[in-house]
Amino acid sequence: MTLKGYKLTEEHKKKIGNARKGQKHSKETIARMKLTHKKIKKSWLSSPRKPMSEETKLKISISNKGEKSWLKGVAGSNHPKWKGGPKKVKPKPGYRKIHKWIAEQLGKATHCEDCGLDKIPVGMRWYFEWANKSKEYKKVLEDWKQLCRKCHRKFDKVKSI
Ligand SMILES: [Zn+2]
């Protein structure tokens with residue numbers, strides 16, 4: 001192993017170690033802390049009656065706050081990117097139009113041609129719908145029949161298989 005290669009490996013290890021620990025103080029932070037300690041020591045020596053000046057306390061407080069926000073920033077960058085919700089299935093173009101048309105031609109659906117139900121269940125505003133037999137939404141009256149919602153769902157399922 002060459003000296004250069006060894007150096008690089010050691011550096012690499014250090015980098016990995018730092019990244020893993022994450023919260024380890026950066027060189028800058030350590031330097032700043034050392035400086036603060038020196039200042040505290042100085043203030044101790046210059047004024048023994050005042051162990052810590054208000055100014056020093058404030059400086060330490062600001063330094064600690066800075067540390068916190070730095071960690072917060074790291075955590076924020078790890079947030080997964082928003083990929084958006086599931087795609088909404090859009091009805092076929094003209095679907096609404098053709099339903100309006102059939103209601104105009106044959107009136108509102110009032111009963112079910114499959115199960116014979118002709119009463120809207122209590123608590124429901126509407127229960128009968130026009131169902132398209134061919135699923136091609138033809139403008140042909142014979143291609144439509146009225147069903148209750150239950151039969152309509154069943155009818156749609158059978159047709160889609
Ligand atoms: Zn029915």
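User: What makes up the largest nonpolar core?

Analyst: Nine residues form the largest nonpolar core: I102, A109, C112, F128, A131, W144, L147, C148 and C151. A nonpolar core is a set of buried Ala, Val, Leu, Ile, Met, Phe, Trp, Tyr and Cys residues joined through C-beta atoms within 7 Å. At least two core residues come from each of β1 (128–132) and β2 (144–148), and β2 gives the largest share, three residues. Strands (E, at least two residues) and helices (H or I, at least four) are DSSP runs, numbered from the N terminus. The model is a predicted one, in which local features need pLDDT of at least 70, side-chain atom pairs count only at pLDDT 80 or more, and totals for chains, interfaces and linings use all residues. Residues are numbered from 1 along each chain as its sequence is written.

User: Why is K135 called partly exposed?

Analyst: K135 has 13 C-beta neighbours inside 10 Å. A residue is buried with 20 or more other C-beta atoms within 10 Å of its own, exposed with 12 or fewer, and partly exposed in between, the C-beta atoms being placed from the backbone. K135 therefore counts as partly exposed. K135 lies in the loop between β1 and β2 and has a positive phi of about 65 degrees, although it is not a glycine.
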